[in-house]
Amino acid sequence: MTMQPSCPSPILQHETVQMAHGAGGRLSQELTARVFMPHLHNPVLAELDDQARFEAEPGRIAFTTDTYVVSPIFFPGGTIGDLAVNGTVNDLAVGGAVPRYLSAGFVLEEGLPLADLERIVESMAEAARKAGVVIACGDTKVVQKGQCDRIFINTSGIGFIPPGRDLSCRNLRPRDAVLLSGTIGDHGMAILTTREGLSFQSRISSDSASLNGMITDLLEAAPNLHAMRDPTRGGVAATLNELAVSSSVGIELDESAIPVREPVRGAAELLGIDPLTVANEGKVLVVLPAAEAGAALAAMRAHEYGKEAAVIGKVVEEHPGMVVMKTPFGSRRIVEMPLGEQLPRIC
């Protein structure tokens, strides 16, 4: 019997993701070779084994994971891809770790344009390059149309905490200063105004960025820093309430010191949303001894992601577990933990 050579279906004949791209066969290999590897190539990933292998560094290991389901997947200031990299890098960096390696797991909906996938992967590669991290392993699954919203991404990250460094949400002490690296609410409002097509859309851009470079400078300037957190879902309000509860201290904020861009403030007022509860993806809250606040502020303002850094409050012995804010009119109000998600699928 004469065997007739079959004609494979190269990936370039498809403009969208097919179920076969996740089946582990030829199309899966071509998807890896033609979409992922050209952008994400590095010596660790190039091994293409079932596991990534790398040398450990002195100190403790920090390990984190998060899943990104943001809608829309492209928004002013970023994509779901660079958001996934930046978010995981920041989760490591705020714990005092030096981020090194990331994994990336993709759930793709059948029919997703391959051009969109490649744009997302390209943005992940650029974000990883800027952050100085390696995407060391990954996985791809394809689900039938309607079983996910185009693309979901899970990223896990490993970093190393140098010996002697101990940052924790339980470390806050009365008289500590509370610093914020810049304006709040940009990411959440960029997502919401894009989704709803509001007129503010063109003036609001996500702050999505990896902060590990700025945090390295910050830790050198303020080596006795007590705690850091990136105020993502739930915003500054949720993050500070978590810190106050964990350390059994009170936190007092000065509303006039908290930077908010005017378009964000306007959109928040229109929608009835408190900017303190809106998500950020490129900001960090810092709590440290007041004596080091000046040096920390200078270090952040010298970096491109901290130019608008400010001292926004202090830690107090009164009202443990609560956050209180002094308004520009001299009154005080309690900043409560948000009850639920005001902006669904923001990360």
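What covers the buried residues of helix α8 includes β7 (177–180), α5 (212–221), β10 (285–288) and β11 (310–316); contact here means heavy atoms within 4.5 Å. This is a predicted model, in which local features need pLDDT of at least 70 and side-chain atom pairs count only at pLDDT 80 or more, while totals for chains, interfaces and linings use all residues. Residues are numbered from 1 along each chain as its sequence is written, and side-chain values use heavy atoms, with hydrogens and water left out.

**Helix α8**

- Helix α8 spans residues 293–301, and its buried residues are Ala293, Ala296, Leu297, Ala299 and Met300 (buried means under 20% relative accessible area, exposed over 50% and partly exposed in between, with a 1.4 Å probe and protein chains only).
- These residues sit on the same side of α8, because they cover an arc of only 160 degrees around the axis; the arc is that of the directions from the helix axis to the C-beta atoms.

**The chain as a whole**

- You will find 8 helices and 13 strands in the protein chain (helices, H or I of at least four residues, and strands, E of at least two, are DSSP runs numbered from the N terminus).
- The radius of gyration is 22 Å, close to the 20 Å that the globule rule gives for 347 residues, so the protein chain is as compact as a globular protein of that length (the radius is taken over C-alpha atoms, and the rule is 2.2 Å times the number of residues to the power 0.38).
- Along its principal axes, the C-alpha trace spans about 90 × 50 × 30 Å.
- Of the 347 residues in the protein chain, 52% are buried.
- Among contacts between residues at least 6 apart in sequence, 85% join residues at least 24 apart.

**Backbone details to look for**

- A cis peptide bond runs from serine 71 to proline 72, with omega near 5 degrees; proline 72 lies in the loop between β1 (60–68) and β2 (74–75).
- Serine 248 is not a glycine, yet has a positive phi of about 55 degrees. Its place is in the loop between α6 (235–247) and β9 (250–254), and serine 248 is exposed, with a relative accessible area of 54%.
- Histidine 319 is not a glycine either, and has a positive phi of about 35 degrees. Histidine 319 is found in the loop between β11 and β12 (323–326) and is partly exposed, with a relative accessible area of 22%.
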